[in-house]
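The following paragraphs lead a new reader through a structure, one region at a time. Please keep the sequence and the model in view while reading.

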Number of protein chains: 2
Amino acid sequence: MADEVILLDFWPSGFGVRARIALREKGVEFEYREEILRDKSPLLLQMNPVHKKIPVLIHNGLPVCESMNIVQYIDEVWSDKNPLLPSNPYQRAQARFWVDFIDTKVFEPADKIWSTKGEVQEKAKKEYIEALKILESELGDKPFFGGDIFGFVDISMTGYYMWFEAFEKCGNFSIEPECPTLMASAKRCLQRDSVVKSVPDPEKIVEFAFKIRKIYCV
Amino acid sequence: MADEVILLDFWPSGFGVRARIALREKGVEFEYREEILRDKSPLLLQMNPVHKKIPVLIHNGLPVCESMNIVQYIDEVWSDKNPLLPSNPYQRAQARFWVDFIDTKVFEPADKIWSTKGEVQEKAKKEYIEALKILESELGDKPFFGGDIFGFVDISMTGYYMWFEAFEKCGNFSIEPECPTLMASAKRCLQRDSVVKSVPDPEKIVEFAFKIRKIYCV
């Protein structure tokens, strides 16, 4: 019996896109189902009763929640193609460390850049650039965080790369002069086939960000 | 050559204890080094330059940071004894999901119970019990979150179980009537050999909590 793979997702989500990319890296066919976040489907509420959030991967009826948990699950189930995590335990621990760093130290200020203004936004911009500089230093002269391989950490960051333009426009600042190496890697990631097929048009994300921003920053 | 395993830790830490327990579950001999958090050792700052926090596991000179990342690393390196994560990818994803839940939805209110008072503390107590009830429901009639096995999720919760008495005394409330099944599992976990050897005397944690509380709640 063929696998039934359904992804409950929302198009501008930097979390949802991680699952999309991982599935495409593995060549897994899946049914994409768009959620309306103001009116969540009964299936989403049933499959993720704890957080009630996208993305949710439903594999043969069983739900997996939380974006990087989904990516790791995909890597373990479809282990025969394009490994996303290294096989060496120390390198795996390093990859998980950086993903955790991204989901706390990059996420928190990033979220504030487009949803706040004034001093709070200025502080968030500063923290955001500081976090990106730490990542730039970790990246070093490697093409990807995964070395020569587009891997676990790269997938996690691509959810932010696709929002870079929206952050810059909402915050009126520029990332590239601060983090040129990271930006070069971001461009490399955004050109990958699995990514091109998964990320929305940056202009649409900018438009979406400004629309939501109007609600938050009255 | 024998493995050199060093753990940089701080005795009342619910995060540090996770690493201690995992090492003892695997029968790994290690050197425990107590850190003074107001005056962190040069080794800690060198081994965890990003977060500058304990616990840090140093295995043959290489540092692994973040408590559950350390536990997963230990499980992968010493894979021949007492598996902590299940082998099935779906069950692994479930275990990681619950650990993530614990480290956000249990951690945040727990932290406020002993460091705040008044309305903020009341709200934290409510959120804390709500989170524990979700865990109680997930536990069901299993002896451990790992089923018959003391596993990944149980290790992550033991860091909180050892603080239960301190939370109750700081917050003037009682966990057991709200979550009897979870409490029964907590007692089972706290009786394990690896845990008994790793957790401090609860009275000392209570004393420590009240000492710190005086600084936060002036």
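**Salt bridges, turns and a charged patch**

Over all chains, the count of salt bridges comes to 30. The model in view is a predicted one. Side chains of opposite charge can pair when their charged atoms come close.

One of the salt bridges joins A:D103 to A:R18, with 2.8 Å between the closest N and O atoms. This pair links distant parts of the chain: A:D103 belongs to helix 4 of chain A and A:R18 to helix 1 (residues 16–25) of chain A, 85 residues apart. A:R18 counts as buried because its relative accessibility is 0%, and the cut-off for buried is under 20%.

A second pair in chain A lies within one helix. A:K123 forms a salt bridge with A:E127, and the closest N and O atoms are 3.1 Å apart. Both residues sit in helix 5 (residues 118–139) of chain A, with a spacing of 4 residues, about one turn of the helix. A:K123 has a relative accessible area of 54% and is therefore exposed, since the class of exposed residues begins over 50%. For A:E127 the relative accessibility is 32%, so A:E127 counts as partly exposed.

In chain B, the side chains of B:K133 and B:E178 meet in a salt bridge, at 3.1 Å from N to O. Here too the pair links distant parts of the chain: B:K133 is in helix 5 (residues 118–139) of chain B, while B:E178 is in the loop between helix 7 (164–171) and helix 8 (180–190) of chain B, 45 residues apart. B:K133 counts as partly exposed because its relative accessibility is 40%. B:E178, at 36% relative accessibility, counts as partly exposed as well. Elsewhere, A:E76, B:R92 and B:R96 are joined into one network by salt bridges that share partners.

Helix 5 of chain B also holds B:E127. This residue has a relative accessible area of 31% and is therefore partly exposed. The C-alpha atoms of B:E127 and B:V106 are separated by 8.1 Å, and the two residues are 21 residues apart along the chain.

In chain A, strand 3 (residues 56–59) and strand 4 (residues 62–65) run antiparallel and are joined by 4 bridges. Which residue of strand 4 stands opposite A:V56? The residue in that position is A:C65. The hairpin formed by strand 3 and strand 4 of chain A has 2 residues between the strands, and A:N60 takes a positive phi near 50° there.

A:I54 and A:P55 are joined by a cis peptide bond, with omega about -5°. A:P55 is placed in the loop between helix 2 (42–47) and strand 3 of chain A. In chain B, a cis peptide bond joins B:I54 and B:P55, again with omega about -5°. B:P55 lies in the loop between helix 2 (42–47) and strand 3 (56–59) of chain B.

A:E66 is found in the loop between strand 4 and helix 3 (67–77) of chain A. Although A:E66 is not a glycine, its phi is positive, at about 75°. With a relative accessible area of 24%, A:E66 is partly exposed. In chain B, B:E66 is found in the loop between strand 4 (62–65) and helix 3 (67–77). B:E66 has a positive phi of about 75° and is not a glycine. Its relative accessibility is 25%, so B:E66 counts as partly exposed.

The last stop is the surface. Which residues gather in a patch of negative charge there? They are A:E108, A:D111, B:E108 and B:D111. Helix 4 (89–115) of chain A and helix 4 (89–115) of chain B each supply at least two residues of this negative patch. B:D111 has its place in helix 4 of chain B. At 31% relative accessibility, B:D111 counts as partly exposed; the patch takes in residues with over 30% relative accessible area and no salt bridge.

Conventions
Residues are numbered from 1 along each chain as its sequence is written. Chains are lettered from A and ligands numbered from 1 in the order in which they are written. This is a predicted model: local features need pLDDT of at least 70, side-chain atom pairs count only at pLDDT 80 or more; totals for chains, interfaces and linings use all residues. Side-chain values use heavy atoms; hydrogens and water are left out. Patches are made of residues with over 30% relative accessible area and no salt bridge: like charges are joined within 9 Å, nonpolar side chains (Val, Leu, Ile, Met, Phe, Trp, Tyr) within 5 Å. Accessible areas come from the Shrake-Rupley method with a 1.4 Å probe; for residues, only the protein chains shown count as cover. A salt bridge is a side-chain nitrogen of Lys or Arg within 4 Å of a carboxyl oxygen of Asp or Glu. Lys and Arg count as positive and Asp and Glu as negative; His and the chain ends are not counted. The place of a charge is taken as NZ of Lys, CZ of Arg, CG of Asp or CD of Glu. Buried means under 20% relative accessible area, exposed over 50%, partly exposed in between (1.4 Å probe, protein chains only). Two strands pair if DSSP finds at least two bridges between them.
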